[in-house]
Amino acid sequence: QVQLVESGGGLVQAGGSLRLSCAASGHISSINAMGWYRQGPGVQRELVAAITIGDRTNYADSVKGRFTISRDNAKNTLYLQMNSLKPSDTAVYYCNADRIIVKGYTYLEVWGQGTLVTVSS
């Protein structure tokens with residue numbers, strides 16, 4: 001079995017910073033592409049940032065220049081450094097892995113439980 005567990009959310013003032021982490025647990029052999037998504041009140045879940053196993057990244061236009069996605073493959077952990085936060089960044093942030101291999105078994109589209117980020121004005 002495999003799990004993704006997010007941490008690092010919380011309440012921050014506009015202009016502040018937060019760092020989200022997403023740790024994968026289980027006897028993991030490899031994790032393919034990973035990403036951060038968010039879902040604000042009354043809106044659909046959207047991609048914030050993604051990173052391939054080779055560290056290629058892409059970002060939503062709304063966060064370019066403010067957010068940085070990174071991963072530590074040795075620790076099976078994904079990060080999202082969020083700077084210059086705005087009230088419009090308020091959302092539940094979810095970690096996703098499109099493929100995780102555990103003891104020869106492949107798990108597809110694995111999601112974390114989400115962590116709430118609230119940015120006050």
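Cys22 and Cys95 are joined by a disulfide in this predicted model, with 2.0 Å from S to S. A search through the whole structure turns up one such link. As a reminder, a disulfide is a covalent bond between the sulfur atoms of two cysteines. If you look along the S-S bond of Cys22 and Cys95, you will find an angle of -75° about it, which makes the link left-handed.

Where do the two cysteines sit? Cys22 belongs to strand S3 (residues 18-25), while Cys95 is part of strand S10 (residues 91-102), so the pair ties together parts that are 73 residues apart in sequence. Let us turn to their surroundings. Cys22 has 0% relative accessibility and therefore counts as buried, the cut-off being under 20%. Cys95, at 0% relative accessibility, counts as buried too.

From Cys22 we can move on to the sheet. Strand S3, which holds Cys22, is one of four strands that form an open sheet, in the order S1-S3-S9-S8, with antiparallel pairing. At the edges stand S1 (3-7) and S8 (67-72); each has a single partner strand, so one side of each is left without a neighbour in the sheet. Going from one strand to the next, the twist averages 15°.

Technical notes:
Residues are numbered from 1 along each chain as its sequence is written. This is a predicted model: local features need pLDDT of at least 70, side-chain atom pairs count only at pLDDT 80 or more; totals for chains, interfaces and linings use all residues. Side-chain values use heavy atoms; hydrogens and water are left out. Two strands pair if DSSP finds at least two bridges between them. Axes are lines fitted to C-alpha atoms, for helices over the stretch in contact, and angles run from 0 to 180 degrees between N-to-C directions. A disulfide is a pair of cysteine sulfur atoms within 2.5 Å. Buried means under 20% relative accessible area, exposed over 50%, partly exposed in between (1.4 Å probe, protein chains only).
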